[in-house]
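Take a look at the structure first, then read the points alongside it.

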Amino acid sequence: MLEMKHIKKSFDGIEVLKDISLKVDEGEVLGIIGPSGSGKSTLLRCATNLETQDSGEIHYEGTFGLVFQNFNLFPHFSVMKNITDAPIKVQKRNKEEVYKEARELLKKMGLEDKENAYPHQLSGGQQQRVSIARALAMRPDILFFDEPTSALDPELTGEILKVIKALASEHMTMVIVTHEMNFARNVSDHIIFMDKGVIAEYGTPEEVFGSSNERMKEFLGKFGQD
């Protein structure tokens, strides 16, 4: 579904991504973890064309959607318009079909009674669920999440993680940058641990979390992981 080869990216002469290569297969969930400043979000931004890499290649099979950490909903659009606007205007899809699908997505997110609400009337967790529904409404083949719970308090984090777990159980292909270690361990097929712009560890959750890499152990120690 996605292949990145030898991706490099610098800002103001500082190399943020140093020769990154990775693959994501159909139905796979790839978790990306690592300390702040390790290049996780830059990698995601390059993968989704929000940044242009300095060198290297990115190959896609199909389309992608992106869920931001700060929701990025249009404040002057209702929930329904936030979800349906792009499929109707950009993808030129049938309005009735899009609205039917949007209502199904809202039901799935536990927000069927919120279609006429505006973002400011919703909690952070509800806004993030709307942004996930909006991304899914575009029928992406692969879905990217950039720290989907970082703007939420712990009580609301659980509801977002539950939604993402449900998508994983439906074999949605996903790439998730997250600081929720237990979640990464439980939901991912493979995990990348990034440190200082390189992939320091890659493998199954068991391999990565059981790694003898000192940097990895030090990082996990800060999260109270064994």
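1. A word on terms before we start: two strands are said to pair if DSSP finds at least two bridges between them. Please also keep in mind that this is a predicted model.

2. Let's begin with the sheet. Three strands form an open sheet in the order β2-β1-β4, and their pairing is antiparallel. The edges are taken by β2 (14-24) and β4 (55-60); each has a single partner strand, so one side of each is left without a neighbour in the sheet. From one strand to the next, the twist averages 20 degrees.

3. How many bridges join β1 to β4? Strand β1 (residues 2-11) is joined to β4 by five bridges, and the two run antiparallel. If you want a place to look, find Lys-8, which stands opposite Ser-55 in β4.

4. Lys-9 also deserves a visit; this residue is found in strand β1. Is Lys-9 buried or exposed? Its relative accessibility is 9%, and buried means under 20%, so Lys-9 counts as buried. A polar atom of the Lys-9 side chain lies 2.8 Å from the backbone oxygen of Thr-52. Beyond its neighbours within four places in sequence, Lys-9 is in contact with several residues, including Ile-14, Val-16, Leu-17, Cys-46 and Asp-54.

5. Now for the helices. The axes of α2 (residues 79-89) and α4 (residues 124-137) come within 8 Å and cross at roughly 20 degrees, which makes α2 roughly parallel to α4. Their crossing is right-handed. On the α2 side, the contact is made by Val-79, Asn-82, Ile-83 and Pro-87, and on the α4 side by Val-130, Ala-133, Arg-134 and Ala-137.

Key:
Residues numbered from 1 in each chain as written. Predicted model: local features only at pLDDT ≥ 70, side-chain atom pairs only at ≥ 80, totals over all residues. Heavy atoms only, no water. Helix = DSSP H or I, 4+ residues; strand = E, 2+ residues; numbered from the N terminus. Axes fitted to C-alpha atoms, helices over the stretch in contact; angles between N-to-C directions. Buried < 20%, exposed > 50% of the residue type's maximum accessible area, 1.4 Å probe, protein only. Polar contact = N/O pair within 3.5 Å; in protein donor to acceptor, adjacent residues only side chain to side chain. Contact = heavy atoms within 4.5 Å. Parallel < 35°, antiparallel > 145°, perpendicular 65-115°, else oblique. Left-handed = near helix turned anticlockwise from the far one by under 90°.
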